[in-house]
Amino acid sequence: MRTIRSTANSTQSSPPRLLDRRLVFLLGKGGVGRSTIAAALGVLAARGGRRAIVVEVSGRGDVPRLFGRRVELGVELELAPGLWTLDVDPRVALEEYLHDQLPLRLLADAIGSSTTFGYVAAVTPGLRELLTIGKVWELAQPQRRTKDAQEYDVVIVDAPATGHGLALLQSPHAFARAASVGPIARQGRLIAETLADRRQTALAAVATPESAAVEELLELRSALTQPLDAVIANAVVPERFSAADALALRGARMRAQLDSPLRDALSVAIDEETLARAQRAQLKRLGRTAVTLPLISTDISAGELGRLADGLAVLA
């Protein structure tokens, strides 16, 4: 199988923009909106004329649900013109690999069966991660392993939460080192080479402007051997009040002769200002280059997904 060779050490020029890479991984704490951001990046890529696929590894089908669709595990599904999605099934990925590598289909089918796979996965730590990242890598290749499969310009990966996401990225190198020789070692080295090449692979992190999410992102940044290509702050409330406004709001609420509706309205405004101020403090920890996206309701419409894509355009 052909792959794009690493050029990481052959040029001193700055890396291409996020959606000009073959692979884009979104990392971060659970619950920060990675799936939504991944879908918005996919919309942005398709809008720019790229053939894009958003990949999940959770089995939940969060991305197709944003488009009012359901997808079968392990099946590529077109969501919109130029935009596809896939929820990777490690067992299906193993079957594809075995059919490609083994000359006898019956043997490949036997080894890839559910029962056998469950046993092998149980006694081989990291196998699911390797098969998952192997499928992600295959999606980004100019010549696909699966029959009649078309090439994608960009593969956007909604990676697992931070610790599992790091394990996913590290699995090819770990298996290549453990196997030393043979097809698994060769495959692991090829995938690890692609992931390390910043001309092909981008690493972006998503956080909400809350202490726990920011702390986890900073720990992730320290754990990575290479710098992040982008930091995205999601669900940022607008800064509507100045410091003078905040003082005036608090002073007004302290007046004794306020009717209940007005006092309640002042309390809502003060709570919003307090939240915005706390978020600004967390955003400073992320650095000036963080891309901020607005707070949107959990029931996201296609139009709101487009708004998020607009906010991400600076990365494209």
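Strand β6, helix α9 (residues 211–223) and strand β7 (residues 230–236) make a right-handed β-α-β unit. Right-handed means that, with the strands pointing away from the viewer, the path from the first strand over the helix to the second runs clockwise. Helices (H or I, at least four residues) and strands (E, at least two) are DSSP runs, numbered from the N terminus. The model is predicted: local features need pLDDT of at least 70, side-chain atom pairs count only at pLDDT 80 or more, and totals for chains, interfaces and linings use all residues. Residues are numbered from 1 along each chain as its sequence is written, and side-chain values use heavy atoms, without hydrogens and water.

β6 and β7 pair in the parallel sense over four bridges; two strands pair if DSSP finds at least two bridges between them. Ala 205 has Val 231 as its bridge partner in β7. Strand β1 (residues 23–27) also pairs with β6 in the parallel sense, over five bridges. Here Leu 26 is partnered by Ala 204 of β6.

Seven of the seven residues of β6 (residues 201–207) are buried, so the strand is largely enclosed by the rest of the structure. Buried means under 20% relative accessible area, exposed over 50%, and partly exposed in between (1.4 Å probe, protein chains only). Thr 201, Leu 203, Ala 205 and Ala 207 point one way, and Ala 202, Ala 204 and Val 206 point the other way.

Helix α10 (residues 243–253) has Ala 246, Leu 249 and Ala 252 buried. The buried residues of α10 pack against α11 (260–286), where contact means heavy atoms within 4.5 Å. The face turned away from the buried side carries the exposed Ala 243, Ala 244 and Leu 247.
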